[in-house]
Amino acid sequence: MKRAIYPGSFDPVTYGHLDVIERSLKITDELIVGVLKNNAKHPLFSVEERVSMLIEVTKHIPNVKVEAFDGLLVDYACQSHANIIVRGLRAITDFEYELQMSQTNYVLNPQIDTVFLTTRLEYAYLSSSTVKEVAMMGGDIKKFVPDIVGEKVREKYQLRREKNE
Ligand code: PNS
């Protein structure tokens, strides 16, 4: 039984992430989506909110489990008995960061390999940051994220606007 981890911030999950999740299941039997409790990055959503949105939008996909994690990714993978890390690669600009991360992880634990899936062309431009920027400026994000996620993003910015008033 092959088990892989797809780690990330998922702040929030986009169609690009969902595409990687679905395609990962061609190379693994089980996929754990690991959501980093990255308070240092000042995420828009709490880790609980990010996990809950991911559970909702992946509920139709079998063999996917969503969890929060902190600490080193390789330690989390080891504890979860997963020896594959999956990451999506959008463009050459992702490459340097991803290469550095995968090589560091390999040195930390050579039992765990990183596998890259190149993002489908239609999502190559897409990132959680741009989704947030568009939403913050009142733009339409329905082509970028599932409806329930779009609703939560809009609620967040609405709340922020109200608080600033
Ligand atoms: O979606 P992101 O923010 O690009 O995901 C980054 C993530 C979560 C994969 C990365 O920050 C991570 O693995 N953090 C855990 C800490 C760790 O293991 N650091 C050493 C790897 S260089």
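Predicted model: local features only at pLDDT ≥ 70, side-chain atom pairs only at ≥ 80, totals over all residues.
1. Let's begin with the pocket. The largest pocket has a volume of about 930 Å³. Its lining is made up of 39 residues, and those nearest the centre are Gly8, Ser9, Lys41, Arg87 and Tyr97.

2. Which elements give two or more residues to that lining? They are the strands E1 (3–8) and E4 (84–89), together with the helices H1 (15–24), H4 (92–108), H5 (128–136) and H6 (147–164). Helix H4 supplies the largest share, with six residues.

3. Sorted by class, the largest pocket is lined by 16 nonpolar, 14 polar and nine charged residues.

4. Next comes the surface. Ile92, Phe95 and Leu99 make up a nonpolar patch there, and together these three have about 300 Å² of accessible area. Ile92 belongs to helix H4, the helix that gives six residues to the pocket lining. Ile92 counts as exposed because its relative accessibility is 71%, and the cut-off for exposed is over 50%.

5. Is Ile141 buried or exposed? Ile141 is buried, because its relative accessible area is 0%, where buried means under 20%. You will find Ile141 in the loop between H5 and H6, and both of those helices give two or more residues to the lining of the largest pocket.

6. Gly8 is one of the residues nearest the centre of the largest pocket.

Notes:
Residues numbered from 1 in each chain as written. Heavy atoms only, no water. 1 Å grid on protein atoms, 1.4 Å probe; cavity = no way out; pocket = protein on both sides within 12 Å on 5 of 7 lines; lining within 4 Å. Points joined across faces, edges and corners; volume = space filled by probe spheres on them. Helix = DSSP H or I, 4+ residues; strand = E, 2+ residues; numbered from the N terminus. Nonpolar A, V, L, I, M, F, W, Y, C, P; charged D, E, K, R; others polar. Patch = residues over 30% accessible without salt bridge, like charges linked within 9 Å, V, L, I, M, F, W, Y side chains within 5 Å. Areas by Shrake-Rupley, 256 points an atom, 1.4 Å probe, with all protein chains shown as cover. Salt bridge = Lys/Arg side-chain N within 4 Å of Asp/Glu carboxyl O. Buried < 20%, exposed > 50% of the residue type's maximum accessible area, 1.4 Å probe, protein only.
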